[in-house]
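The following exercises are to be worked with the sequence and the coordinates at hand. Each task is followed by a solution in steps.

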Amino acid sequence: MWQDFGQYILEEVGDRQVRIAEIAVGKFDMISEMLGKKENITLIKTDIAPADESVIKDDITNPNLNLYDGVDIIYSIRPPGELQPHLVKLAQKVNAMLIIKPLTGEDLNTGRVKMQLKNFKKASFYILR
């Protein structure tokens, strides 16, 4: 499933030069490792409590918008429900595509903003363009 999630993002990107931000990284780095291998992808990872030096400290409830300048895609894996509206707000502010991979069976908490359910091979996630 995780391979499929990463593959979807790679197919969405293709060969174009893009900036991608992973928000609320935590300690799961399989997707960022996959994306980071591509030369056409500039990847930034943020979390309120960075697990290592590759992650930038940022509070999504009051984000440093300069970090996300020019970001094309924002994604978050299993973000807590209380952070999901902030992800939507940030994506709209910086005009980025948003992908949220919630916990299995979890409802989204995006308020009036409706995200599209996407099933790609064995992965299911939500997209806001």
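A residue is called buried under 20% relative accessible area, exposed over 50%, and partly exposed in between, with a 1.4 Å probe and protein chains only. The model is predicted: local features need pLDDT of at least 70, side-chain atom pairs count only at pLDDT 80 or more, and totals for chains, interfaces and linings use all residues. Residues are numbered from 1 along each chain as its sequence is written, and side-chain values use heavy atoms, with hydrogens and water left out.

**Exercise 1. Determine the place of Asn95 and of Ala24, and classify each by accessibility.**

Step 1. Helices (H or I, at least four residues) and strands (E, at least two) are DSSP runs, numbered from the N terminus. Asn95 falls in the loop between α3 (84-94) and β5 (97-101). Ala24 falls in the loop between β1 (18-23) and α2 (30-36).

Step 2. Asn95 counts as exposed because its relative accessibility is 71%. Ala24, at 23%, counts as partly exposed.

Step 3. Asn95 is not a glycine, yet its phi is positive, near 55°. Ala24 is likewise a non-glycine residue with a positive phi, about 65°.

**Exercise 2. State the strand order of the sheet and identify the strands that stand at its edges.**

Step 1. Two strands pair if DSSP finds at least two bridges between them. The seven strands form an open sheet with mixed pairing, in the order β3-β2-β1-β4-β5-β7-β6.

Step 2. β3 (56-57) and β6 (116-120) have a single partner strand each, so one side of each is without a neighbour in the sheet.

Step 3. Examine the pairing of β6. This strand pairs with β7 in the antiparallel sense over five bridges, and Lys118 has Phe125 in β7 as its bridge partner. The hairpin of β6 and β7 has two residues between the strands, and Lys121 there takes a positive phi near 55°.

**Exercise 3. Describe the surroundings of β4: are its residues buried or exposed, and how is the strand paired?**

Step 1. Five of the five residues of β4 are buried, so the strand is largely enclosed by the rest of the structure. One side carries Ile73, Tyr75 and Ile77, the other Ile74 and Ser76; both faces are covered.

Step 2. β4 (residues 73-77) pairs with β1 in the parallel sense over three bridges. In this pairing Ile20 stands opposite Ile73, and Glu22 has Tyr75 as its bridge partner.

Step 3. β4 also runs parallel to β5, to which it is joined by five bridges. Tyr75 has Ile99 as its bridge partner in β5.

Step 4. β4, α3 and β5 make a right-handed β-α-β unit. A crossover is right-handed if, with the strands pointing away from the viewer, the path from the first strand over the helix to the second runs clockwise.

**Exercise 4. Compare the span of α1 with the expected value, and state which strands the helix lies across.**

Step 1. The expected span of a helix is 1.5 Å times one less than its number of residues. With twelve residues, α1 reaches 17 Å from its first C-alpha to its last, close to the 16 Å expected.

Step 2. Contact means heavy atoms within 4.5 Å. Axes are lines fitted to C-alpha atoms, for helices over the stretch in contact, and angles run from 0 to 180 degrees between N-to-C directions. α1 (residues 2-13) lies across β1, β2 (41-47), β4, β5, β6 and β7 (123-128), and runs at about 175° to β5.

Step 3. The buried residues of α1 include Trp2, Phe5, Tyr8 and Leu10. Gly14 follows the helix and has a positive phi near 65°.
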